[in-house]
Amino acid sequence: MVVLIILMMTVILSACGSNDKEASSTDHEPAKEQSETTVTGEAEGNENAAVALSGTIEIDGSSTVYPLTEAAAEEFGKLNKDVRVTVGVSGTGGGFKRFCAGELAVSDASRPIKEEEAQACQDNGIEYTDLQIAYDGLSVVVSQDNDFIDHLTIEELNNIFVTGSTVKTWADVRAGWPAEEIKMYSPGADSGTYDYFNEEVLGKKGIRNDTQISFSEDDNSLVQGVEGSKFAIGYFGFAYYEENADKLKVIPIDAGKGAITPTVETIKDGTYAPLSRPLYIYLNKKELERPEVSAFADYYINNIGGMASEVGYVPMPEEKYAEEAAKLR
């Protein structure tokens, strides 16, 4: 009898232990599923993290576009720490030379590509996509110490800068101005800003090249040159003027409809004519097949509008950015 009781108790205790284990196992399953769901949600919320991008993206070109691309590269790099984006400033023409030789993934440009540059790309089998990214207003500046210039006409600008000019002093530009020699500062011949100024102000006649003018692809050098002399004059992108507005004086330009000062509003609505212009990046289609380059291009065009005003440029309308983004698809 005792043996029978012991056997019955053993069976009962074994059954209870089995049920406890099954309950314990079941209790842990939901926790495991919850953990997996959380990880998946984080991956879906950060596409760049999910892709785990890495590699190098080389960019060169316009000094005018440089602050925009530098800002985009910096923010993109925060999201993709294993992607190295390098940005150079050899000028629009210098960038296109490298781009059409297959050396760059992206070329910054303050003007559209020229026929001969497009031909060089074609000869080297480089296919590309161009994206318009923002607006800029080429700004004519003098020193803050300049107290005699209130505006300039397009004709006066032409007389100062055109090749073969006989203008030596400010008195040669307008009667009553000081007979002081003009010091001129201009972007170099590889710059898209140089090309744009030559086309819109000088009628493609070319910029003078004598002892009164200094050239540089570095807009900061131009700023320093103009700032250093009461009788100096120069020109470059609106962003560089805004960045140095405490050192420089921007000159309103009269193209026949009254003197207009470059501002975000006058650049955006086109009244600052003819010196308002679009800015571009050019993307090598083969390079776009690389995930990191494709991701950077998408990030750039979808975010640059918000960055543009922060670095002194004029953003395009949202629908224009949508049109440009569609080119990548």
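Among the contacts in this protein between residues at least 6 apart in sequence, 75% join residues at least 24 apart. The model is a predicted one, and of the 329 residues of the protein, 46% count as buried.

Strand E6 is joined by two bridges to strand E11, which covers residues 253–254, and E6 and E11 run parallel. Within this part of the sheet, Thr153 stands opposite Asp254 in E11.

We turn next to the helices. Two packed helices are described by the angle between their axes and the distance between the axes. For helix H4, residues 92–100, and helix H5, residues 115–123, the angle is about 20° and the axes lie 8 Å apart. Because angles under 35 degrees count as roughly parallel, H4 and H5 are roughly parallel to each other. The crossing in which H4 passes H5 is right-handed. On the H4 side the contact is made by Gly93, Phe96, Phe99 and Cys100, while H5 contributes Glu117, Ala120 and Cys121. Sorted by class, the residues of this contact of H4 with H5 comprise five that are nonpolar, one that is polar and one that is charged.

The second pair is formed by helix H11, residues 291–308, and helix H12, residues 318–327, which pack at an angle of about 160° with their axes 9 Å apart. Since angles over 145 degrees count as roughly antiparallel, H11 and H12 are roughly antiparallel to each other. Here, too, the crossing is described by its hand, and H11 passes H12 in a right-handed crossing. The residues that make the contact are Ile301, Asn302, Ile304 and Gly305 from H11, together with Tyr321, Glu324 and Ala325 from H12. By class, the contact of H11 with H12 holds four nonpolar residues, two polar residues and one charged residue.

Set side by side, the two helix pairs can be read by direction: H4 and H5 are roughly parallel, whereas H11 and H12 are roughly antiparallel.

Methods
Residues are numbered from 1 along each chain as its sequence is written. This is a predicted model: local features need pLDDT of at least 70, side-chain atom pairs count only at pLDDT 80 or more; totals for chains, interfaces and linings use all residues. Side-chain values use heavy atoms; hydrogens and water are left out. Two strands pair if DSSP finds at least two bridges between them. Helices (H or I, at least four residues) and strands (E, at least two) are DSSP runs, numbered from the N terminus. Axes are lines fitted to C-alpha atoms, for helices over the stretch in contact, and angles run from 0 to 180 degrees between N-to-C directions. Angles under 35 degrees count as roughly parallel, over 145 as roughly antiparallel, 65 to 115 as roughly perpendicular and the rest as oblique. A crossing is left-handed if the near helix is turned anticlockwise from the far one by less than a right angle, and right-handed if clockwise. Contact means heavy atoms within 4.5 Å. Ala, Val, Leu, Ile, Met, Phe, Trp, Tyr, Cys and Pro count as nonpolar, Asp, Glu, Lys and Arg as charged, and the others, Gly among them, as polar. Buried means under 20% relative accessible area, exposed over 50%, partly exposed in between (1.4 Å probe, protein chains only).
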